[in-house]
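Dear colleague,

Please find the structure below, handed over for your reading.

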Amino acid sequence: MRAQCILCDEINKLDPFSLLAKQLRKKRKLTYICDNCNDRISKKTYERRQNDNFKLYREEVEDDLLN
Ligand SMILES: [Zn+2]
């Protein structure tokens with residue numbers, strides 16, 4: 001089956017028996033993101049994790065749990 005990446009509109013062929021293809025067919029996953037974009041997003045998410053805002057949020061959550 002073919003799937004179009006929501007970020008770069010690239011159309012890739014997927015193995016119709018792969019887990020991802022099954023999830024797309026059953027609408028468990030509504031979006032398909034190609035490998036290139038996936039890598040880019042993972043990097044950005046990792047960088048954001050080093051960010052102060054992200055740490056602040058985590059500390060707040062931990063405080064709530066303790067009180
Ligand atoms: Zn893409």
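The site of the zinc ion is tetrahedral, with angles of 106 to 113° among its 4 donor atoms. Donors here are N, O and S atoms within 2.8 Å of the metal (3.2 Å for Na, K and Ca); water is not among the atoms, so sites may look incomplete. Four donors count as tetrahedral if all angles lie between 85 and 135 degrees. For reference, the ideal angle for four tetrahedral donors at a metal is 109.5 degrees.

Please note that this is a predicted model, in which local features need pLDDT of at least 70 and side-chain atom pairs count only at pLDDT 80 or more, while totals for chains, interfaces and linings use all residues. Residues are numbered from 1 along each chain as its sequence is written, and side-chain values use heavy atoms, with hydrogens and water left out.

The zinc site

The protein donors of the zinc ion are the SG atoms of C5, C8, C34 and C37, which lie 2.3 Å from the ion. Along the chain, these donors follow the spacing C-x2-C-x25-C-x2-C.

C8, by contrast, is partly exposed, with a relative accessible area of 37%.

C8 is placed in the loop between β1 and β2. Leaving out residues up to four places away in sequence, C8 touches C34 and C37, where contact means heavy atoms within 4.5 Å. The C-alpha atoms of C8 and C37 are separated by 7.6 Å, although the two residues are 29 apart along the chain.

The overall fold

The protein chain has 3 helices and 2 strands, and their order along the sequence is β-β-α-α-α. Helices (H or I, at least four residues) and strands (E, at least two) are DSSP runs, numbered from the N terminus.

Of the 67 residues of the chain, 13% count as buried. The chain exposes about 6200 Å², of which carbon and sulfur atoms supply 49%; accessible areas come from the Shrake-Rupley method with a 1.4 Å probe, and for residues only the protein chains shown count as cover. Among contacts in the chain with a separation of 6 or more, 37% come from residues 24 or more positions apart.

Helix α2 covers residues 35-49, 15 residues in total, and reaches 21 Å from its first C-alpha to its last, close to the 21 Å expected at 1.5 Å a residue. The expected span is 1.5 Å times one less than the number of residues in the helix. Because the number of buried residues in α2 is 1 out of 15, the helix lies largely in the open. N38 lies in this helix and is partly exposed, with a relative accessible area of 38%.

The nonpolar core

Which residues form the largest nonpolar core? It has 7 residues, namely A3, C5, L14, L24, Y32, C34 and C37. A nonpolar core is a set of buried Ala, Val, Leu, Ile, Met, Phe, Trp, Tyr and Cys residues joined through side-chain atoms within 4.5 Å. Not counting residues up to four places away in sequence, L14 touches M1, A3, L20, A21, L24 and Y32.

Loop residues

I6 is placed in the loop between β1 and β2 and counts as partly exposed at 46% relative accessibility. Leaving aside neighbours within four places in sequence, I6 is in contact with T31, Y32 and I33. I6 and C34 are 28 residues apart in sequence and 8.3 Å apart in space, C-alpha to C-alpha.

D9 lies in the loop between β1 (2-4) and β2 (11-13), and its phi is near 65°, a positive value in a residue other than glycine. K27 lies in the loop between α1 (19-25) and α2. K27 also has a positive phi of about 65° although it is not a glycine, and it is exposed, with a relative accessible area of 59%. Most residues other than glycine have a negative phi.

With kind regards

Notes
Tetrahedral: all angles 85-135°; square planar, octahedral: opposite > 155°, others 65-115°. Buried < 20%, exposed > 50% of the residue type's maximum accessible area, 1.4 Å probe, protein only.
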